[in-house]
Amino acid sequence: MTETRKRVLLAKPRGYCAGVDRAVQTVEEALKLYGAPIYVRKQIVHNKHVVSTLEARGAIFVEENEEVPEGSTVIFSAHGVAPEVYEQAKERSLKAIDATCPLVTKVHHEARRFAAEDYDILLIGHEGHEEVIGTAGEAPAHIQLVDGPDGVDKVTVRDPSKVVWLSQTTLSVDETMETVARLKTRLPLLQSPPSDDICYATQNRQHVVKEIAPECDVVLVVGSRNSSNSVRLVEVALDGGARGGYLIDYASEIQDEWLAGATTVGVTSGASVPDDLVTQVLDHLAERGFADVTEVTTAEERLTFSLPQELKRDMKAAAARNA
C-alpha cells in the first residue's frame with residue numbers, strides 16, 4: 001500500500017491588495033517624512049501584526065479625531081470615513097492624510113451621486129463595519145443597510161422605481177448575489193451599481209479558495225478576526241467543500257488536532273496580511289510533514305495605487321529641499 005503524500009495547496013492571489021499596500025506605505029512614508037508620532041484614526045488595515053509593527057515605529061492608533069493633539073498629522077484608514085470626520089479634523093487644525101482605498105472612494109462617489117438624484121440606496125454590508133459607517137455617512141438620509149439575505153425583509157423604499165444597491169467592498173460574492181436576488185424579488189426595478197463594488201482582490205481571493213477547497217481536508221486562512229475579507233475566506237472554504245477551515249493570526253495558533261488525519265492542507269491569507277506570516281505557516285506545516293507545497297494560481301494581480309496626493313506633495317517638496 002502506498003503511503004499517502006502530505007501536501008499544501010497554496011492559494012494565489014493571497015495577501016496584500018493594492019489598497020492595503022498603499023495604506024501601510026502611507027503610514028511608513030509619513031513616519032519617515034514628518035517623524036513620530038503619526039496618529040492614525042482606527043486600524044490602518046484590519047491586521048493585528050501590521051498594526052503592532054507600525055506602533056513599534058511610532059504610529060499611534062486612535063478611535064476618534066478628538067484623541068489627536070491639535071495641529072498634529074492624522075491618517076484616515078483604508079476603510080474610508082464619513083464627511084463629518086473631515087470636518088472634525090479641520091476644526092482641530094489637523095493635517096489629514098486620506099489613505100482610503102480608491103475602490104472604497106468609488107463607492108462613496110456612487111452613494112453621493114445616487115443620493116443627489118434622490119434614489120433610495122440599499123447598502124449591502126455588515127452593521128458596524130468601518131467601511132459601512134463611512135459610506136453611509138455620505139448620504140445618511142438616503143442609505144439603509146441590508147446586512148445579508150436575512151435583512152431583505154426589513155427594507156422599505158419610497159419609490160420602487162428609484163432604488164439602487166451598493167455594497168461593502170469585502171463581502172462574500174455569493175452571499176451578496178443571494179442578497180441582491182432576494183431584493184429583486186421584492187423590488188423588480190432595483191438598479192445595480194455602474195460597476196462591481198466588491199473589490200477585485202476580494203473576488204480573486206475567494207475564487208482561488210473555491211478552486212482548492214474541494215481537495216482540502218483543512219484550509220488555514222491567515223488573517224485577523226476583525227478583517228471582513230479574511231472571515232469570508234473561511235466561509236468560502238467550508239462552503240466549497242473543505243472539511244475544516246480556520247482563521248489564524250500567527251502560525252503558533254495552529255492546533256495539531258486540526259491536522260490529524262489530513263493529507264491536503266490549503267493555505268491562503270486575507271487582503272491585509274503580509275506574506276511573511278504565510279511563510280511562517282508553511283514552515284510550521286513543513287515541520288509536521290507537509291513539506292510538498294503547490295501554488296495554485298487563478299489570477300495575476302498587477303494593480304497598484306499611488307500614494308495620497310497630500311503626502312506625495314510633501315514628499316516632493318522635501319526631496320526638492322534636500323536636492
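Mentor: Happy to. One definition to begin: Ala, Val, Leu, Ile, Met, Phe, Trp, Tyr, Cys and Pro count as nonpolar, Asp, Glu, Lys and Arg as charged, and the others, Gly among them, as polar. This is a predicted model, where local features need pLDDT of at least 70, side-chain atom pairs count only at pLDDT 80 or more, and totals for chains, interfaces and linings use all residues. Residues are numbered from 1 along each chain as its sequence is written, and side-chain values use heavy atoms, with hydrogens and water left out.

Trainee: Thanks! By class, what does the lining of the largest pocket have?

Mentor: There are 8 nonpolar, 2 polar and 7 charged residues in that lining. A pocket is an open set of points on a 1 Å grid over the protein atoms alone, with protein on both sides within 12 Å along at least five of seven lines; a cavity is a set where a 1.4 Å probe fits but cannot get out; lining residues have an atom within 4 Å of a point.

Trainee: Which residues lie nearest the centre of the largest pocket?

Mentor: Tyr 16, Cys 17, Ala 18, Glu 301 and Leu 303, out of 17 lining residues. Helix 1 gives the most to this lining, with 4 residues. Helices here are DSSP runs (H or I, at least four residues), as are strands (E, at least two), numbered from the N terminus.

Trainee: And how many cavities of 30 Å³ or more are there?

Mentor: The search finds 2. About 260 Å³ of space lies in the largest cavity, where a volume is the space filled by probe spheres set on the points, joined across faces, edges and corners. Cys 17, Val 20, His 79, Thr 170 and Asn 229 are the closest to its centre among 23 lining residues.

Trainee: What's the volume of the second largest cavity?

Mentor: About 70 Å³. Helix 6 (residues 173-186) makes the largest contribution to its lining, 3 residues.

Trainee: Switching to packing: which residues touch the most other members of the largest nonpolar core?

Mentor: Val 27, Val 40, Ile 44, Val 45, Leu 54, Phe 61 and Ile 75, in a core of 28 residues. Such a core is a set of buried Ala, Val, Leu, Ile, Met, Phe, Trp, Tyr and Cys residues joined through side-chain atoms within 4.5 Å; buried means under 20% relative accessible area (1.4 Å probe, protein chains only). Helix 1 gives the most to this core, with 6 residues.

Note on methods. Buried < 20%, exposed > 50% of the residue type's maximum accessible area, 1.4 Å probe, protein only.
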